[in-house]
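Q: Got a model to go through with you. Can we start with side-chain pairing and then move on to packing?

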Amino acid sequence: MFDIAICNDNIDELEHLDYLLEVYRLAHPWPVTKIRRFQSLYDLVDCIRAGRTFPLYLLGHSSELWMNGLSPEAVLRREEPKGEVIAITSNAQAAFLQPTPGDPLGLAACLVRPVSDQDLFQVLDRLIQSSISQDASLQPCLAFPTQKGKQLLPFSNISHMAYDTHTVTCYLGDGGTLRSSTLRRPFYQLIRPLLLEQRFCQVSTSWVVNLDFVDGIAQKRREVQMADGTKVSIPANAISGVLEEYTSYFSLPGKKRVPAAGKR
């Protein structure tokens, strides 16, 4: 769980930030789960003193200085030294997207108002991915309905899934397989959390694959070649979209491109 606190005494800016965070949360239902709003820094401080802290604070204020000449960020840091803090400033020259060496407050970022979705989402991606890598409880998981009850499957261990006659077979990256109980809802509802992540691609109405486990795509044969040897057929009207998702995913920073699509 990765809860976020927004604190801003400007109601319009507070509403704008709340909207941007809600857009981000809907696209990343795991691990972002709750967004708490504070219109007063006093209320946020009282909340922290009562023992309720947050992994991330998004902090803006109409005045650059506050209690006894301190900035809002300094006031927050005095109360909560551990959480990540994203500050908001009216000075474009003071804004930064990466931590600044020597910053006494240790801010994660400082964004210029009005805050853009591009800047905010870039910082959130960096902070949340860093937290996920350090905390296993934040790893995204799929609640998979087996005959013995729901089993949490880490996204990173799901290779591909196939739907057939109201049941789903899940192929795992470690070589195992799981068969679901009889589904009482459409397949797309089960896999929706997966499709919100770029690593997963629905190649047909009954197949979804994890691109991290794809060896390549045979364009002429319209097949996805999985690492375990499985070959997944792609409908003729879907091949261009699948190739586009495949290419886009492996163009992301840090992603190693596997054999070029359509060359087999």
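Q: Is glutamate 15 buried, partly exposed or exposed?
A: Glutamate 15 is partly exposed, at 39% relative accessibility. Buried means under 20% relative accessible area, exposed over 50%, and partly exposed in between, with a 1.4 Å probe and protein chains only.

Q: What kind of model and which rules are behind these values?
A: This is a predicted model: local features need pLDDT of at least 70, side-chain atom pairs count only at pLDDT 80 or more, and totals for chains, interfaces and linings use all residues. Residues are numbered from 1 along each chain as its sequence is written, and side-chain values use heavy atoms, with hydrogens and water left out.

Q: What does the side chain of glutamate 15 meet in a salt bridge?
A: Arginine 37, at 3.0 Å, N to O. A salt bridge here is a side-chain nitrogen of Lys or Arg within 4 Å of a carboxyl oxygen of Asp or Glu.

Q: Where do the two partners lie?
A: Glutamate 15 is in helix H1 and arginine 37 in strand E2 (residues 32-38), so the pair ties together parts 22 residues apart in sequence. Helices (H or I, at least four residues) and strands (E, at least two) are DSSP runs, numbered from the N terminus. Arginine 37 is partly exposed too, at 33%. Glu15, Asp18 and Arg37 are linked in a network of salt bridges.

Q: How many salt bridges does the count come to?
A: The count is 8. One of them joins aspartate 3 and arginine 52, with the closest N and O atoms 2.9 Å apart. That pair links distant parts of the chain: aspartate 3 sits in strand E1, arginine 52 in the loop between helix H2 (41-49) and E3, 49 residues apart.

Q: Aspartate 3, buried or exposed?
A: Buried, at 5% relative accessibility. Arginine 52 is partly exposed, at 32%.

Q: Switching to packing. Which residues touch the most other members in the largest nonpolar core?
A: Leu58, Ile86, Leu120 and Leu124, in a core of 21 residues. A nonpolar core is a set of buried Ala, Val, Leu, Ile, Met, Phe, Trp, Tyr and Cys residues joined through side-chain atoms within 4.5 Å.

Q: How many disulfides does a search of the whole structure find?
A: The search finds 0, where a disulfide is a pair of cysteine sulfur atoms within 2.5 Å.
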